[in-house]
Amino acid sequence: MPFIACDDGVELHYRLDGPDNAPVLVLSNSLGTDLGMWEPQMPALAERYRVLRYDTRGHGQSGLPPKPYQVDRLGRDVLTLMDGLGIDRAMFCGLSMGGMTGMWLGVHAPQRFSRLVLCNTAAKIGTPEVWNTRIAVVEKGGMAAILNGVIQRWFTEDFVKLHPSSVKVISDMLLTTAPEGYCAACAAVRDMDQRDGIAAIRLPVLVIAGTHDLATPAQDGRFVADAIPGARYAELPAAHLSNVERAEEFTQLLTGFLAG
């Protein structure tokens, strides 16, 4: 399996799909999932783009972080992957934690990207107390201790009832995430506040929010879109994982924006 090592020794697991000479699109997963969360989009994306997916550190098959880190580490991980693969410039799409990574990249490495898509995300999420409580629950009871609560935030009740197989795929990702990796990512999200910085982004940006998103409410997405000059805003009738719950509409929004 393909891996690229970061300067702190963490090995990032990645996958490339699509034509070798096509424009590159980087996809970044949410907290508690792996690169497989993008499967609903892959048939359409791999036809026209060279798609680089990766497991965020501490998730999937990527290595566990050796010490606590901040959102800048997640951004530098993306640049490490691009450098290691000889990718000078790419488009970027991230959901939730992946969207936070995208904001950092848009501020600190804009020359490496042509377009950003920031999905079901926020410039700041929750309070330290909320994140510290979640970390404590996982440290005590493992990933199973938060499964039901997370699924209730990630999908609407109707979707859970009507699409149990899709929900199981995501549930399995959460349950197989290393608790240490999850908790480290929770701490990074807890400490992140990009509300002031994102106004400096000058790239074309699409923000996608979910009307029923409890984790990053639509108002958070609207804030991000309003803060970034010229950013477009779109809202889907979905909860947090809008790319799964409303896969077709999400893919249409994404491919339409990337095509310019």
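Arg 73 and Asp 7 pair up in a salt bridge, with their closest N and O atoms 2.8 Å apart; the term stands for a side-chain nitrogen of Lys or Arg within 4 Å of a carboxyl oxygen of Asp or Glu.

A word on the model: it is predicted, so local features need pLDDT of at least 70 and side-chain atom pairs count only at pLDDT 80 or more, while totals for chains, interfaces and linings use all residues. Residues are numbered from 1 along each chain as its sequence is written, and side-chain values use heavy atoms, leaving out hydrogens and water.

Here are the relative accessibilities, where buried means under 20% relative accessible area, exposed over 50% and partly exposed in between (1.4 Å probe, protein chains only).

| Residue | Relative accessible area | Class |
|---|---|---|
| Arg 73 | 7% | buried |
| Asp 7 | 65% | exposed |
| Arg 76 | 30% | partly exposed |
| Asp 72 | 27% | partly exposed |

Asp 77 and Arg 73 form another salt bridge (3.1 Å, N to O), and both residues are buried. Shared partners join Asp 7, Asp 8, Arg 57, Arg 73 and Asp 77 into one network of salt bridges.

Over the whole structure, the search finds 16 salt bridges.
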